[in-house]
Amino acid sequence: MTDRIISKSIIAAAIGFLALVALPYWIPGVYYLNVSSQILFYAIFALGLNILAGYGGLVSLGHAGLLGISAYATGYMLQHGFGHPVAILTALVAGLAAMAVYAVLSLRASGIGFIMITLALGEIIWGLAYRWISITGGDNGINLHGRPEPFGISLMPPVAFYYLSLIVFVIAFAAVAIFVRSPLGAALMGTRDQPRRMNALGYHVWAIRFWASMFSGLLTAISAILFVYYNQFISPQAIDLTASAEVLLMVISGGAGTLLGPIVGAALVVIVKSVVSGFIERWNMLLGAIFVAIVILMPEGLVPGTARLWRLAWRKTGGPGNDAAAAKNAEAEP
C-alpha cells in the first residue's frame with residue numbers, strides 16, 4: 001500500500017514538473033509568464049515560512065523583514081560595483097546571519113509571545129529600511145540594472161528567468177521534502193506537538209527549532225534574491241507587515257504542515273493580487289473572502305481539505321476502499 005502511494009506521488013510530481021517545463025509554450029503572453037515566475041519564488045518563500053509555522057508550530061509575522069535584508073544586501077552590493085556572484089553570496093550570508101539573530105531573540109517564547117516578537121522584529125527591519133537612507137535609499141528604494149548571465153545565458157528575457165526560477169524552485173522543494181522526512185524534520189514536528197515530552201526524552205528543543213529556523217532563513221534568502229532580480233527594485237513597501245501577512249496567508253490557505261499547501265497558497269495569492277486585481281478593484285476584499293471561506297469550509301487548508309473531500313466522494317461512489325472494507329468485514333463474520 002505504501003509503495004503504491006509513493007509511486008502515485010512520484011508520477012504526480014513528474015507530471016507536474018513536465019507541465020511546468022512546458023508552460024512557456026502554451027501560456028498566453030509574457031505577462032502570465034511573469035506571473036508564473038512570481039508564483040515560483042513566492043512558493044519558495046512560503047515553503048520557508050512553512051518550516052516554522054507548519055512543521056514547527058511557530059507562526060512568524062516578521063518573515064518579510066528577513067526577505068528584505070537579503071534583497072537589500074543584493075541591491076547594495078550591485079549598486080556599489082560588485083559582481084553578481086559577490087552580491088548573491090553576500091545576500092545569502094546576510095540572510096542567514098539575520099535569521100540567526102532573529103531565532104535567538106524570538107525562540108525565547110512560543111505561541112502568542114513568539115508571534116509578537118517576530119512582529120516587532122519585522123517592524124524594526126521595516127523602520128530601518130525606511131529611515132536608513134544612506135544604505136537603503138529610504139522610500140526611493142534601490143534600483144538594479146541587469147541580471148546575472150550564468151554560462152553566458154542572459155536572464156533578462158522572461159522565459160529565461162522563468163526557467164531559472166523553476167530550477168531553483170525544484171531544488172528548494174526537493175530540499176524541503178528531504179528535510180521533512182529527515183530525523184531533524186521528525187524531531188521538529190515532535191517539538192510542535194509535544195515540546196515537554198520531547199524535552200523529557202532528551203531532545204534539545206531550542207536547538208531543533210534554531211536549526212529549522214536557519215533552514216527557513218536560507219529558503220527566505222533564496223526567494224529574496226529571485227524577488228529582487230525579478231523586480232529590479234527593492235523598497236520598504238515590499239517588506240512591511242502586509243507582506244508578512246500575505247506569505248502567512250499563503251501557508252495557511254494552502255495547508256500548513258504540507259509540502260504542496262504553500263505552493264497552492266502562493267499561486268492563489270499571486271493570481272488574485274496580480275491577475276484578478278486587473279478586473280476587480282476591491283481585490284483585497286475578494287482575497288479576504290476567499291480566506292474566510294477556506295477557514296470555514298476547509299480549516300486544514302486547500303490541499304488537505306481537497307484530499308479529504310476526494311476520499312469522501314471516492315468512498316461514497318464505491319471506490320476500491322469500499323471493496324477492501326467489505327472483504328475485511330466478510331472475513332470477520334463467523
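Tutor: In this predicted model, α7 and α10 are roughly antiparallel to each other, a label for angles over 145 degrees. Local features here need pLDDT of at least 70, side-chain atom pairs pLDDT 80 or more, while totals for chains, interfaces and linings use all residues. Residues are numbered from 1 along each chain as its sequence is written, and side-chain values use heavy atoms, without hydrogens and water.

Student: At what angle do helix α7 and helix α10 pack?

Tutor: Helix α7 (residues 158–180) and helix α10 (residues 205–231) pack at about 175°, and their axes are 11 Å apart. Helices are DSSP runs of H or I, at least four residues, numbered from the N terminus. Axes are lines fitted to C-alpha atoms over the stretch in contact, with angles from 0 to 180 degrees between N-to-C directions.

Student: Which residues touch the most other members of the largest nonpolar core?

Tutor: A nonpolar core joins buried Ala, Val, Leu, Ile, Met, Phe, Trp, Tyr and Cys residues through side-chain atoms within 4.5 Å; buried means under 20% relative accessible area (1.4 Å probe, protein chains only). The largest core has 68 residues, and those touching the most other members include Tyr42, Ile51 and Val176. Helix α2 (residues 29–53) gives the most, 14 residues. Leaving aside neighbours within four places in sequence, Ile51 contacts Val176, Phe179, Ala212, Phe215 and Leu219, among others.

Note on methods: Buried means under 20% relative accessible area, exposed over 50%, partly exposed in between (1.4 Å probe, protein chains only). Helices (H or I, at least four residues) and strands (E, at least two) are DSSP runs, numbered from the N terminus. Contact means heavy atoms within 4.5 Å. Angles under 35 degrees count as roughly parallel, over 145 as roughly antiparallel, 65 to 115 as roughly perpendicular and the rest as oblique.
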